[in-house]
Amino acid sequence: MLTMTGKTNGGAGDEAVLEAHPLGLRWLMIGFAFSATIVNYLDRQILSVVVTSPDFKAAVPLTVEGYGYVASAFMLAYAVVNGLSGPFIDSVGTRVGYACCMLWWSVAAMLHIFARGVLSLGCFRFLLGAGEAGNWPAAAKLVTEWFPARERALASGIFNSGASIGSVVSTPIIAFVVLRYGWRSPFIAMGVLGLMWLAAFWFTYRVPADVEAEARQAPVPAWKLLSTRFVLFFTLSKVFMDPVWYFFVFWFPKYLSDVHHFSLKEIGWKGWIPYFTAAVGNIAGGALTAGLIRRGVAVPTARKTSTAVFALLMLSTIPAILTSSAPLAIALLSLTTFGYTGYTANTLAFPADVFPKNSVGSVWGLASMGAGFGGMLFMGLSGWLIGRFGYTPVFIGYGIMPLIALAIVLFLIGPLRPGRPNEDESANTQGI
């Protein structure tokens, strides 16, 4: 049995952290994670917009199935490297680890301009996925180092909203840049933006003095973490939850083009809406949990209650494909993305509730392997199904999968408290 040590949630420990980590510095540091996540999604979202451009289609011919395989290449790298990036970041620290990841994925983004077909594009997407895999372990570790337990869901929601903001601004911006300067230009521009972030972060970030000793301790070996009940089932939950988001990141502009016959200009004007509601969902997820905690609900119970509320909203994916109205479909899918990010804002805080600071990056990275492998599997399957049967069976499947993930979180991962994440107790199914 693996025994973990850590501080209890809330109480005097929280007050000490708040005093040691001044408000201005805390929000400056979360600002770095927020902006890195925006850059992360700008880079990965470029292809989903560029793929609708006639110039790109002429230069890099892709079938629907081919696009599915390219998306799967990204997810394969994302899955494999998540298991490596988390332990790497825990070993070298947040500053060095985050900087290395940003450098890698920024260069990989710029390499896309050399794509000529499915194979070369798939290779560049693989490299991009390998670099981008480090963003969430690094950001989750940053939150753990700078925020007390009761603020972590909100802080996590803020940095994770960068994914939604990146998706919101990327669609109209990339569409404009492609129409004016050609399909290669956004890959170069976003790669340079990442290098600018890297310079600012490198000369600013530091670990708070009061947690530095704990953060610099040798992390728990990955194989021991994988033997815990929490990591095993948390990873399984992400197999079913995260591919829903990846589908809308990679396929939503193409869905608007294929099903509702949107032009590239229309996609630029309207395709950002579900990503905007996703940004709101991040804040709502943290705010709901914080509100429950203020009313006296225990932190673990508040987190799991919020995950249930937001996961149930994702059922709206199913009626979205059954309507012929484009505005109604966009509204329903916007509710799905709102639910996903509200759910994720809380689950991002789960590892820090159970494990010490020196292992949070590793836990999140290992668990995110489930997201990567699930994404790889379901992106390839989505392309195959859409090519043969259309979007209906895919949307129905993605409407059901969040319920499976929620059941795992509520009944299988065990209690969200420090100490013994492998412990089998009657309280496990209650999350307390």
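Over the ring of which residue does the charged end of R95 sit? The ring is that of W202, 3.6 Å from its centre. A charge sits over a ring if NZ of Lys or CZ of Arg is within 6 Å of the ring centre and within 35 degrees of the ring normal. R44 is placed over Y41 in this way, with its charged end 4.2 Å from the ring centre.

The model is predicted: local features need pLDDT of at least 70, side-chain atom pairs count only at pLDDT 80 or more, and totals for chains, interfaces and linings use all residues. Residues are numbered from 1 along each chain as its sequence is written, and side-chain values use heavy atoms, without hydrogens and water.

Rings of Phe, Tyr and Trp (its six-membered ring) pair if their centres lie within 6.5 Å; planes under 30 degrees apart count as stacked, over 60 as edge-to-face and the rest as tilted. By this rule there are 32 aromatic pairs. One of them, W197 with F201, is stacked, at 4.7 Å centre to centre and 10 degrees between the planes. Both residues lie in helix α9 (residues 185-202), four residues apart, so about one helical turn separates them. Helices (H or I, at least four residues) are DSSP runs, numbered from the N terminus. W197 and F201 are buried (under 20% relative accessible area, with exposed over 50% and partly exposed in between; 1.4 Å probe, protein chains only).

F247 and W251 are also stacked, because their ring centres are 6.1 Å apart and their planes at 20 degrees. Helix α12 (residues 229-259) holds this pair, again four residues apart. F247 and W251 are buried.

Definitions and conventions:
Helix = DSSP H or I, 4+ residues; strand = E, 2+ residues; numbered from the N terminus.
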